[in-house]
Amino acid sequence: MTESKPAVRRGPRSVVVTGAAVLSALGRGVRPLLSAALDGAPAFAPVLRFDVAGRQVGEAATYPGNPVLAEELDRTVREACDQAGLSTVQRSGTPLHLAVHGDPELARATPAERPVHGADVFADAVARRAGLSGKARAYTSACVASSTAVADAAAAVAHGQADRIVVAAGYLVEADQFAVFDAGRALARDGRVRPFSAGRTGLLLGDGVVAVVVEAAPAARARRTRPLAVLAGWGRAGDAYHVCRPRPDGTGLARAITDALHRGGVRPDRIGYVNAHGSGTPVSDTAEAAALHLALGDSASTVPVSSTKSVHGQALEAGALLELVVTIAALRAGRLPVNAGFLGPDESCPLNLVLDRAAPSAADHALSLTTAFGGANTALLVGAP
């Protein structure tokens, strides 16, 4: 029997992002999404995709018409692989990590049909249609699903277990989840998301279908592909506090941030931007501000912070990946996304919020943060390539 070769651990800054594609309420592609984020121009509008009569809130950030999740995932995975310059042969050896709320057909499937509509079966089908290896893994862990998928992909690449992994995620605003959030009084009553602002009243849902190629830097160099960014660090931690509410002192998220910085060998004062989770809910934003002060110390008062959810909405399982792509694009553009919807300071959120849409930036490292029900927290650290 031939023994397999042990995986080789790669060095620091060995994980890069080489391709990215996105669909959001702003349109197809990264450019319209970034433009809206830099200008602080929200995409929220009355929902036309389904009937919201009788709901307390009727707004969301939706792409026009009725896009089909499977079709949009196929498109974004293909576009991300094209941008990364992957050949047919290279794609055939590439696994897929897919973050989804689930197969949209599952809710209305009969008991006998449900096994063929599981998230794992759905992920396998997306991988197969994209010409990927067939080694697909589904992530359904709420808002941290896609950031967890990225962290797992980065760890596998860093430890030499894979040369590259495609990470994709998708959520399109639909009636069932909209009704759940509306009934729970989580949606913003004034139709705007106002992270860290006085007068904020909640979140709003938004469309997001995203794919990125996470790859070993040597593999990208061998293909002469220029990375979009370095995936320098990642961290995960739990609150063990409450099924819905975050720890008020932010210790769980602070541990995730600290782990990401430690893994990347980056000091807090080198962080030039934070794309915060910033859901726009009073309790969550206050806890996140506390976490930033715990993790970043004195730098928390000066580092620019915004939440791009104020523009594109909360895309649930796809949200973290959508925000990672915006963060990467902002680093490359040398400008910072605006914290839209701001009405005035809240003393419980003492942060240096980005309010000027012309704000230039020379930042070479940024954090993208995500929290989720159940007390899950993730931090992704990205750097200029």
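At what angle do the axes of helix α8 (residues 251–264) and helix α9 (residues 282–296) cross?

Analyst: In this predicted model, the axes of helix α8 (residues 251–264) and helix α9 (residues 282–296) cross at roughly 40° and come within 8 Å. Because angles under 35 degrees count as roughly parallel and those from 65 to 115 as roughly perpendicular, α8 and α9 are oblique to each other. The crossing in which α8 passes α9 is right-handed. On the α8 side, the residues that make the contact are Thr251, Leu253, Ala254, Ile257, Thr258 and Leu261, and they meet Glu288, Ala291, Leu292, Leu294, Ala295 and Leu296 on the α9 side. Sorted by class, this contact of α8 with α9 comprises 9 nonpolar, 2 polar and 1 charged residues.

Helix α5 (residues 145–158) and helix α11 (residues 319–333) pack with their axes 5 Å apart and at an angle of about 65°, which makes α5 roughly perpendicular to α11. There, Ser146, Ser147 and Val150 of α5 meet Gly319, Ala320, Leu321 and Leu324 of α11, and the contact of α5 with α11 has 4 nonpolar and 3 polar residues, with no charged ones.

Note on methods. Residues numbered from 1 in each chain as written. Predicted model: local features only at pLDDT ≥ 70, side-chain atom pairs only at ≥ 80, totals over all residues. Heavy atoms only, no water. Axes fitted to C-alpha atoms, helices over the stretch in contact; angles between N-to-C directions. Helix = DSSP H or I, 4+ residues; strand = E, 2+ residues; numbered from the N terminus. Parallel < 35°, antiparallel > 145°, perpendicular 65-115°, else oblique. Left-handed = near helix turned anticlockwise from the far one by under 90°. Contact = heavy atoms within 4.5 Å. Nonpolar A, V, L, I, M, F, W, Y, C, P; charged D, E, K, R; others polar.
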